[in-house]
Amino acid sequence: MLAENDSAASGLAEHAKRLRATRLSELFARDPQRVAALTLDWDDWRVDLSKERIDEAALAALLKAADTVGLPNWIAALFAGEKINLSERRPVLHTALRAPASTQVLVDGVDVTREMRATRERMAELAGAVREGRRKGATGRPLRFVVNIGIGGSDLGPKLVCEALGDDGMPGTPDVAFVSNVDPEHLWRTLEGRDPASTLFVVTSKTFTTQETLANARSGRAWLARALGHERDLAPHFIAVTSNIEAARAFGVRDSDILPMSEGVGGRYSLWSAVGLVIALRAGWQSFAELLDGAQAMDTHFRMTPPPRNLPVVLGLLAYWNSRWLAHRQRVVVPYAQALALLPSFLQQLELESNGKSVRRDGTPVDGPTAAALWGDVGTDSQHAFFQWLHQGTSEIPVEFVVPVRARHPLDDQQTLLVANALAQAQALMSGRSDETIRAELGTALSGPALDAAIAARRSPGNRASTTLLLPMLDARSLGALLALYEHRTFVEGIMYGINSFDQWGVELGKSLAKPIVAALSTQAPLPDATDASTRALVAYVQKLQT
């Protein structure tokens with residue numbers, strides 16, 4: 001991260017001060033070429049940054065700052081398989097999962113892509129066996145219902161893609177459900193009314209020790225045993241995705257049904273790996289291959305395109321600019337596509353688990369804000385929920401509109417209505433609604449204090465920033481590119497903060513503290529001496545209700 005006394009940081013501070021005091025409409029009035037200068041194009045995509053609180057001078061300063069912190073070298077190191085996850089001394093290998101077949105990525109002298117390609121071949125065979133009815137359960141019936149058991153990256157990414165792509169319409173496409181929450185209601189509702197004889201569980205856990213995942217997997221196995229008989233061999237009903245082969249074997253999964261996970265692939269980056277098996281089961285292998293192809297295309301763009309026209313670089317710098325220099329502590333993402341309804345949830349984990357940190361790679365404190373809180377929902381639903389707050393609330397919150405222009409399933413003029421709403425909302429955030437416009441709309445029906453009150457209630461100040469990302473259509477390839485774009489922009493933002501975007505020690509803290517509480521609630525085991533008084537009292541109350 002830039003030190004406060006660096007000339008690059010000083011320049012950014014001056015640009016931020018200048019732009020905070022300037023209305024967006026004034027920036028457009030000053031520069032007739034603003035839209036062209038702040039629009040990026042790639043592969044029929046368009047990203048319009050002109051409604052953001054930035055200009056060419058500020059963007060040039062950000063690009064200079066990126067060079068100062070060595071961003072090009074970090075990008076090269078990412079793709080070369082260097083151990084840039086410093087705290088865990090690991091490489092970061094999610095891009096290797098979708099690399100061209102001719103690519104080699106050497107880690108400690110070993111080409112890791114060979115095992116990745118072998119795993120993809122096994123995934124294709126398993127997916128084909130299920131979809132073609134060749135995979136049969138303990139009673140000899142084909143497995144037609146797939147339950148993906150995982151949490152975090154083992155759930156959010158695959159679930160997003162399955163929801164976005166749906167099935168490929170081929171005969172034999174299985175139903176797919178996702179269970180992540182340890183709340184028994186989640187699993188119970190998923191299995192209620194289903195046929196155990198035709199149910200396949202895909203259990204995904206890198207360590208195969210994740211409490212929530214194993215609890216659900218054990219309950220799923222018990223459900224099968226009760227229905228099919230405890231004497232049955234239930235192994236055909238389970239596939240495991242893990243790096244802990246021995247633990248999966250001990251659970252009862254056959255070696256041929258255990259797919260490996262690389263230690264260099266974090267959960268939130270893992271949908272491209274064997275974690276994506278459920279995608280191939282639901283959407284078909286061809287769709288999964290096209291997903292990888294789209295991500296690879298974005299990887300190439302990220303590696304090869306000069307920074308000023310590089311989508312992940314510029315968008316990552318914009319996120320850093322908004323959070324660090326303009327002090328926007330929130331970011332709202334609104335996909336105008338029902339198929340992308342889960343995108344904000346996916347991005348919450350990707351961004352906040354990656355960059356929600358306060359310590360640099362060298363262990364020193366970050367001297368300013370890092371990642372902004374991220375949330376959102378699908379448009380147009382969100383227009384009738386939180387957009388009121390965006391337009392007339394007391395804070396400026398940058399909004400990101402993600403808009404596929406063409407529909408996969410056209411229905412009259414509904415896609416036109418959808419896209420028009422997205423563009424109108426971005427326009428309204430910037431332009432607002434002036435007193436003069438409102439007065440003209442009200443006409444002569446009101447006067448005096450009543451007119452003043454009516455105008456005040458309807459006033460929208462405008463001057464609120466947004467980015468609009470247009471892609472031609474949402475298919476498997478464009479979805480792969482979109483998700484890779486967000487991965488890389490998150491990486492860029494982390495480099496600018498000077499943090500490691502690839503560990504998540506805060507997540508581990510909660511897991512470790514849960515273990516003694518589980519023991520106390522399950523077996524009345526004593527809590528550790530260091531347990532605070534509030535937690536002790538809460539545990540005691542839960543124990544009382546359990547009796």
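**Entry 1: aromatic pairs**

I began at Phe 79, which is buried, with a relative accessible area of 15%. I use buried for under 20% relative accessible area, exposed for over 50% and partly exposed for what lies in between, with a 1.4 Å probe and protein chains only. Phe 302 is also classed as buried, at 1% relative accessibility.

I note that the model is predicted: local features need pLDDT of at least 70, side-chain atom pairs count only at pLDDT 80 or more, and totals for chains, interfaces and linings use all residues. Residues are numbered from 1 along each chain as its sequence is written, and side-chain values use heavy atoms, with hydrogens and water left out.

I looked up Phe 79 with Phe 302, a tilted pair at 6.2 Å centre to centre and 55° between the planes. Phe 79 belongs to helix α5 (residues 71–80) and Phe 302 to helix α12 (residues 285–304), so this pair ties together parts that are 223 residues apart in sequence. I take helices (H or I, at least four residues) and strands (E, at least two) as DSSP runs, numbered from the N terminus.

Trp 375 lies in strand β11 (residues 373–376) and Trp 389 in helix α15 (residues 387–392), so the parts tied together are 14 residues apart in sequence. Trp 375 is partly exposed at 22% relative accessible area, and Trp 389 is partly exposed at 35%. Both tryptophans belong to one aromatic cluster, made of Tyr 336, Trp 375, Phe 386, Phe 387, Trp 389 and Phe 401.

**Entry 2: arginines over rings**

I found Arg 98 over the face of Trp 272, 4.6 Å from the ring centre. Arg 324 has its charged end over the ring of Trp 325, at 4.4 Å from the centre. My criterion is NZ of Lys or CZ of Arg within 6 Å of the ring centre and within 35 degrees of the ring normal.

**Entry 3: the five-stranded sheet**

I traced an open sheet of five strands in the order β6-β5-β7-β8-β9, with parallel pairing. Two strands pair if DSSP finds at least two bridges between them. Which strands stand at the edges? They are β6 (175–179) and β9 (258–260); each has a single partner strand, so one side of each is left without a neighbour in the sheet. On average, neighbouring strands are turned by 20° against each other, direction ignored.

Strand β8 (residues 238–242) runs parallel to β9 and is joined to it by three bridges; Val 241 has Leu 259 in β9 as its bridge partner.

Helix α8 (residues 184–191) lies across β5 (145–149), β6 and β7 (199–204), at about 170° to β6. Helix α9 (residues 211–228) packs on the sheet and touches β5, β6, β7 and β8, its direction making about 160° with that of β7. Axes are lines fitted to C-alpha atoms, for helices over the stretch in contact, and angles run from 0 to 180 degrees between N-to-C directions.

I then looked up Thr 190 in helix α8, which is buried at 14% relative accessible area. Leaving aside residues up to four places away in sequence, Thr 190 touches Phe 145, Val 147, Ala 177, Phe 178 and Val 179; contact means heavy atoms within 4.5 Å.

**Entry 4: the six-stranded sheet**

I traced an open sheet of six strands, ordered β1-β2-β13-β12-β10-β11, with mixed pairing. Its edge strands, β1 (39–42) and β11, each pair on one side only. The twist averages 15° from one strand to the next.

Four bridges pair β1 with strand β2 (residues 45–48) in the antiparallel sense, and Trp 42 stands opposite Trp 45 in β2. Helix α13 (residues 311–325) packs on this sheet, touching β1, β2 and β13 (466–473), with its direction at about 150° to that of β1. Helix α16 (residues 414–431) lies across β12 (399–406) and β13, at about 155° to β12.

**Entry 5: backbone exceptions**

Most residues other than glycine have a negative phi, and most peptide bonds are trans. I therefore listed the following exceptions.

- The peptide bond from Gly 379 to Thr 380 is cis, with omega near 15°; Thr 380 is in the loop between β11 and α15.
- Asp 44 has a positive phi, near 70°; this residue is in the loop between β1 and β2 and is exposed at 68% relative accessibility.
- Asn 463 has a positive phi, near 60°; this residue is in the loop between α18 (448–458) and β13 and is buried at 16% relative accessibility.

Definitions and conventions. Rings of Phe, Tyr and Trp (its six-membered ring) pair if their centres lie within 6.5 Å; planes under 30 degrees apart count as stacked, over 60 as edge-to-face and the rest as tilted.
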